[in-house]
Amino acid sequence: MTDPSHRQKIKVVYVLGSSRSGSTALDSVLGASPGALSTGELGHLHWALQEGNLPGYVGSSIAFCSCGQLVEQCPLWSTVVAQWGPGRELEAFGRATDRYETPGRSLPLLILGRLFGTRAFRRHLALLGRSVELVAGASGVTTLIDSTKGAGRGWLYSLLPPSEFDVRFVHLVRDGRSVVSSMMQHYEPHKSDSGPSPWPRLAAAAFSTAHWVYMNLASSSLGLFHRSRYRRIQFEDLLNDPDGTLRELEPFLGIDLRDVRRRILAGEPLPTGHLLCGNRAKGSPLRLLPPKSRGADELALGPSLVFLWLAGWLQWIYGGPGSPSARPRPGL
Ligand SMILES: [Zn+2]
């Protein structure tokens with residue numbers, strides 16, 4: 001990493017949580033502030049580059065940046081890749097990223113690396129810091145918004161030198177029933193096997209519920225270790241009251257969201273930026289609108305019961321819509 005005396009400290013706002021929680025929207029909103037950049041799922045840059053080399057990539061949203069260019073042809077990401085150096089080094093960093101950041105499987109590696117400070121672990125941390133520096137340098141910003149979401153990456157970010165990186169965590173929780181409904185629409189085994197048996201559908205509901213529980217619990221666990229750097233917000237609050245939600249986040253993040261809040265209130269679209277992976281709608285002008293339906297209305301009875309049975313307790317703790325606590329505040 002470069003000598004910190006030679007550059008301003010880089011702020012990293014890392015969005016934690018489950019897939020399909022609205023993280024691309026939050027990433028776009030925060031990245032529209034002065035001096036900031038939305039990177040989308042920065043931890044999946046190597047996936048995006050690989051996807052662009054596969055036949056049939058034209059139909060893949062992963063292969064494209066939100067600016068509309070293939071990731072390897074995007075002005076920003078092509079600069080980052082060129083500055084990184086030999087392609088094999090970036091590929092090796094990508095493989096290590098998968099090893100250290102795959103939910104569940106990476107936990108032993110992270111613990112061992114932290115406890116014993118293995119050479120491979122220290123090297124990966126150094127390269128993670130370098131990747132952040134390269135993106136900030138190529139885009140000329142001092143704040144990066146990364147919505148990769150996995151807690152493993154958050155854990156790695158928390159270990160970057162505080163003299164060089166100011167890392168903040170925003171845990172975005174969406175009503176689990178909305179998440180399960182969204183995931184089931186894209187769960188291929190369930191879609192291709194929707195015969196008379198109800199089990200594939202309920203199995204899809206159980207799998208999606210388990211994902212929501214695991215990703216959110218892992219995010220909350222990270223927050224327990226970093227209370228002063230962690231805030232949890234509800235996605236539905238961001239849609240129903242973007243101004244109030246962002247006002248509360250502003251001092252914690254230390255970024256200027258006044259113009260972003262004004263644009264949202266005026267119904268003006270936000271810039272599309274250079275987001276990697278994430279929601280398929282990335283690149284479309286973003287407007288925050290209140291949800292058309294509540295999570296409870298989006299799921300059929302069977303999957304809804306599966307969700308409540310497996311995850312109702314966590315939904316209640318998080319104070320999602322329909323639970324006794326209407327709007328959670330900082331804390332776990
Ligand atoms: Zn781009």
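1. Axes here are lines fitted to C-alpha atoms, for helices over the stretch in contact, and the angle between two of them runs from 0 to 180 degrees between N-to-C directions. The model discussed in this note is a predicted one.

2. The overall content comes before the details. The protein chain holds 15 helices and five strands. It has 332 residues, and 43% of them count as buried. Take the contacts between residues at least 6 apart in sequence: 77% of these join residues at least 24 apart.

3. Helix H8, residues 176-185, packs against helix H15, residues 301-318, at an angle of about 135 degrees, and the two axes are 10 Å apart. This angle makes H8 oblique to H15, because an angle has to be over 145 degrees to count as roughly antiparallel, and 65 to 115 degrees is the range for roughly perpendicular. The crossing of the two helices, H8 and H15, is right-handed.

4. Which residues make the contact between H8 and H15? On the H8 side they are Gly176, Arg177, Val180 and Met184. On the H15 side they are Pro303, Ser304, Phe307, Ala311 and Gln315. Sorted by class, the contact of H8 with H15 has five nonpolar residues, three polar ones and one charged one.

5. Two residues other than glycine have a positive phi and may be checked in the model. For Arg20, phi is near 55 degrees. Arg20 sits in the loop that runs between strand E1 (10-17) and helix H1 (23-31). Is Arg20 buried or exposed? Arg20 is buried, because 21 other C-beta atoms lie within 10 Å, and the cut-off for buried is 20 or more.

6. The second case is Lys149, with phi near 85 degrees, again a positive value in a residue other than glycine. Lys149 belongs to a strand, E3, which covers residues 143-149. Lys149 has 26 other C-beta atoms within 10 Å and is therefore buried.

7. Leu159 is found in the loop between helix H7 (151-158) and strand E4 (165-173). Leu159 has 17 C-beta neighbours inside 10 Å, so it counts as partly exposed. The limits behind this are 20 or more for buried and 12 or fewer for exposed, with partly exposed in between. Along the chain, Leu159 and Arg114 are 45 residues apart, and their C-alpha atoms are separated by 8.9 Å.

How values were computed. Residues numbered from 1 in each chain as written. Predicted model: local features only at pLDDT ≥ 70, side-chain atom pairs only at ≥ 80, totals over all residues. Helix = DSSP H or I, 4+ residues; strand = E, 2+ residues; numbered from the N terminus. Parallel < 35°, antiparallel > 145°, perpendicular 65-115°, else oblique. Left-handed = near helix turned anticlockwise from the far one by under 90°. Contact = placed C-beta atoms within 7 Å. Nonpolar A, V, L, I, M, F, W, Y, C, P; charged D, E, K, R; others polar.
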